[in-house]
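This briefing goes through a single protein chain, topic by topic. Please read it alongside the sequence and the 3D view.

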Amino acid sequence: MSEQEQNISTDEWVDIVNEDNEVIAQASRQQMRAQVLRHRASYIVVHDGMGNILVQRRTETKDFYPGWLDATAGGVVQSGENILDSARREAEEELGIAGVPFAEHGQFYFEEENKCRVWGALFSCVSHGPFALQEEEIDAVRWMTPEEITARCDEFTPDSLKALSLWMTRNNEKEHGKPLTREADAAVADASVSEDPKNDAVVSSPKDAI
């Protein structure tokens with residue numbers, strides 16, 4: 001972990017919540033990660049309105065799943081922060097997305113033993129870039145179809161897969177197939193892939209292709 005990320009983790013305070021998503025305490029981000037405390041986070045599906053999802057590669061200095069792929073933008077909600085404000089802040093900080101409408105898609109709970117317990121708030125927005133990547137957070141981004149994401153689901157953070165799956169379900173995006181899971185590879189083995197040529201292009205940071 002870089003010194004900069006250590007400082008962020010130590011100084012950033014987050015609300016700790018119970019099983020009903022009620023605030024019961026505050027803790028540093030570092031303490032939250034170390035003790036796997038239940039917290040809140042925003043998840044933003046960034047799409048182009050034509051079936052393509054913006055995928056991120058996380059930097060190796062991240063305190064959660066470093067180097068993995070993310071199907072959503074977003075991040076940990078700071079203590080006392082409004083959840084929509086948090087989502088907008090994360091989108092602008094991570095990708096330079098600002099001034100676009102955000103759709104809200106409700107909340108969900110995700111838990112992975114010994115790694116994460118989080119109440120997620122799900123949002124989506126349409127953007128076509130160009131994107132300004134936050135160097136400390138993101139190595140590269142590119143467009144991928146849900147089928148392509150599913151075929152490589154073992155490379156993605158599981159909480160972002162759940163968020164994308166719920167977004168697809170809640171928006172009745174049935175043409176994209178079943179909700180994404182780590183066991184879904186075989187189910188989409190014969191799925192058609194979009195012919196849109198931008199699916200093969202890295203949007204930024206070509207030095208680290210996704």
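**Salt bridges**

Asp 70 has a relative accessible area of 7% and is therefore buried, the cut-off being under 20%. The model described here is predicted. A search of the whole structure gives nine salt bridges, six aromatic pairs and zero disulfides.

*Arg 58 and Asp 70*
- The side chain of Asp 70 forms a salt bridge with that of Arg 58, at 2.7 Å from N to O.
- Because Arg 58 belongs to strand 4 and Asp 70 to strand 5, the pair ties together parts that are 12 residues apart in sequence.
- Arg 58 has a relative accessibility of 9%, so this residue also counts as buried, under the 20% limit.

- Arg 29 and Asp 63 form a salt bridge in which the closest N and O atoms are 2.8 Å apart.
- This pair links distant parts of the chain, 34 residues apart: Arg 29 is in helix 2 (residues 29-35), and Asp 63 is in the loop between strand 4 and strand 5 (69-70).
- Both Arg 29 and Asp 63 are buried.
- A network of salt bridges links Arg 29 and Asp 63 with Glu 12 and Arg 33.

*Arg 152 and Glu 155*
- A salt bridge joins the side chains of Arg 152 and Glu 155, with 2.9 Å from N to O.
- Glu 155 has a relative accessible area of 32%, which lies between the 20% and 50% limits, so Glu 155 is partly exposed.

**Nonpolar cores**

- The largest nonpolar core has 26 residues, and those with the most contacts inside it are Leu 122, Ile 149, Phe 156 and Leu 164.
- Two or more residues of this core come from each of strand 3 (39-47), strand 4 (53-58), strand 7, strand 8 (116-126), strand 9 (138-144) and helix 5 (158-170).
- Helix 5 contributes the most to this core, with six residues.
- Another core, of 17 residues, lies apart from the largest one; its members include Ile 44, Leu 54, Phe 131 and Leu 133.

- His 105 is part of strand 7, which covers residues 103-112.
- The relative accessible area of His 105 is 13%, under the 20% limit, so this residue is buried.
- Leaving aside neighbours within four places in sequence, His 105 is in contact with Leu 122, Phe 123, Ser 124, Trp 167, Arg 170 and Asn 171.
- One of these partners, Leu 122, is also among the residues with the most contacts inside the largest nonpolar core.

**Aromatic pairs**

- Among the six aromatic pairs in the structure is that of Tyr 109 and Trp 119, with ring centres 5.3 Å apart.
- The planes of Tyr 109 and Trp 119 stand at 55°, between the limits of 30 and 60 degrees, so the pair is tilted.
- Tyr 109 is in strand 7 and Trp 119 in strand 8, so the pair ties together parts that are 10 residues apart in sequence.
- Trp 119 counts as buried because its relative accessibility is 19%, under the 20% limit.
- Tyr 109 counts as partly exposed because its relative accessibility is 24%, between 20% and 50%.
- Elsewhere, ring pairs link Phe 64, Tyr 65 and Trp 68 into a cluster.

**Cysteines**

- The structure contains zero disulfides.
- Cys 116 has a relative accessibility of 2%, so this residue counts as buried.
- Cys 125 is buried as well, because its relative accessible area is 2%.

**Strand 1 and strand 2**

- Strand 1 (residues 13-17) is mostly covered, with four of its five residues buried.
- Strand 1 pairs with strand 2 (residues 23-28) in the antiparallel sense, over five bridges.
- Within this pairing, Trp 13 stands opposite Ser 28 of strand 2.
- Five residues lie between the two strands of this hairpin, where Asn 21 takes a positive phi near 65°.

Technical notes. Residues numbered from 1 in each chain as written. Predicted model: local features only at pLDDT ≥ 70, side-chain atom pairs only at ≥ 80, totals over all residues. Heavy atoms only, no water. Buried < 20%, exposed > 50% of the residue type's maximum accessible area, 1.4 Å probe, protein only. Contact = heavy atoms within 4.5 Å. Core = buried A, V, L, I, M, F, W, Y, C linked by side-chain atoms within 4.5 Å. Salt bridge = Lys/Arg side-chain N within 4 Å of Asp/Glu carboxyl O. Disulfide = S-S within 2.5 Å. Pairing = 2+ DSSP bridges. Phe/Tyr/Trp six-rings, centres within 6.5 Å; stacked < 30°, edge-to-face > 60°.
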